[in-house]
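My plan is to go from overall figures down to single residues.

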Amino acid sequence: MKVRQTEEIVAALEPIARELGVELYEVVFKQGKHPSLTIFLDTEKEGGIDLNTCEAFHNAADPVLDELDPTYGQPYTLNVSSPGLDRPFKKESDYRRNIGKKVEIKLYAPYKGEKFFDAVLLEYNPVAGNVTIDKGGEVFKLNLTQIVKMSQYIDFE
């Protein structure tokens, strides 16, 4: 199935996101038997993205997408969602928002015998391509290329 470039879809939907005070976190199109366009929204507001915000964005985006016709007339399902608490950090804002907070880190290769651990994110340096973390009092740097996934630590207790 032929699909418009993600950049075109983002450009068409950015004004809606700004109007609702949210960020377009990611736009994902999945092809297959049941094609879908999923729009992930984010916000720095306390409480994050709620169902009402998703519904408002969906209702506002629907006519814009009908006019843009991202699939050139082929049917698809539109989904609007939050990226979730356990989402991997992808953007600079993800790292910056979590400085001073506990994060979960999964590495490609073990560091001192561990590939998965929790630590406090102390610094993010996009120019050097690394992060500084504190793991139980040990402060060290990791190159972003060493990290499979970094995400917000979720305490279930």
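**Ground rules.** I am reading a predicted model, where local features need pLDDT of at least 70, side-chain atom pairs count only at pLDDT 80 or more, and totals for chains, interfaces and linings use all residues. Residues are numbered from 1 along each chain as its sequence is written, and side-chain values use heavy atoms, with hydrogens and water left out.

**Overall figures.** I looked up the extent of the C-alpha trace: about 55 × 35 × 35 Å along its principal axes. The chain has 157 residues, and 32% of them count as buried. Buried means under 20% relative accessible area, exposed over 50%, and partly exposed in between, with a 1.4 Å probe and protein chains only. I noted an accessible surface of about 9,500 Å², with 49% of it on carbon and sulfur atoms. That area comes from the Shrake-Rupley method with a 1.4 Å probe.

I then checked contacts (heavy atoms within 4.5 Å). Among those with a separation of 6 or more, 54% join residues 24 or more positions apart.

For charges, I counted Lys and Arg as positive and Asp and Glu as negative, leaving out His and the chain ends. Each charge sits at NZ of Lys, CZ of Arg, CG of Asp or CD of Glu. There are 19 positive and 26 negative charges, and their mean positions lie 6 Å apart.

**Element order.** I find three helices and eight strands. These are DSSP runs numbered from the N terminus: helices are H or I with at least four residues, strands are E with at least two. From the N terminus the order reads α-β-β-α-β-α-β-β-β-β-β.

**The open sheet.** Which strands form it, and in what order? Three do, in the order E1-E2-E3, with mixed pairing. Strands pair here if DSSP finds at least two bridges between them. E1 (23-30) and E3 (77-81) are the edge strands; each has a single partner, so one side of each lacks a neighbour in the sheet. Neighbouring strands are turned by 15° against each other on average, direction ignored.

E2 (residues 36-42) pairs with E3 in the parallel sense over five bridges. Phe40 stands opposite Ser81 in E3.

Next I looked at the helices on this sheet. H2 (residues 51-68) packs on it and touches E1, E2 and E3, its direction at about 145° to that of E3. H1 (residues 6-20) lies across E1 and E2, at about 140° to E1. For these angles, axes are lines fitted to C-alpha atoms, for helices over the stretch in contact, and values run from 0 to 180 degrees between N-to-C directions.

E5 (114-125) and E6 (residues 130-135) pair antiparallel over five bridges. Asn125 has Asn130 in E6 as its bridge partner. Four residues separate E5 and E6 in this hairpin, and Gly129 in the turn has a positive phi of about 70°.

E6 also pairs antiparallel with E7 (residues 138-143), over six bridges. Val131 is bridged to Leu142 in E7. Here the hairpin has two residues between its strands, and Gly136 in the turn has a positive phi of about 60°.

Most residues other than glycine have a negative phi. I therefore logged two cases.

- Asp69 has phi near 55°.
- Lys112 has phi near 50°. Lys112 lies in the loop between E4 (102-111) and E5, and its 62% relative accessibility makes it exposed.
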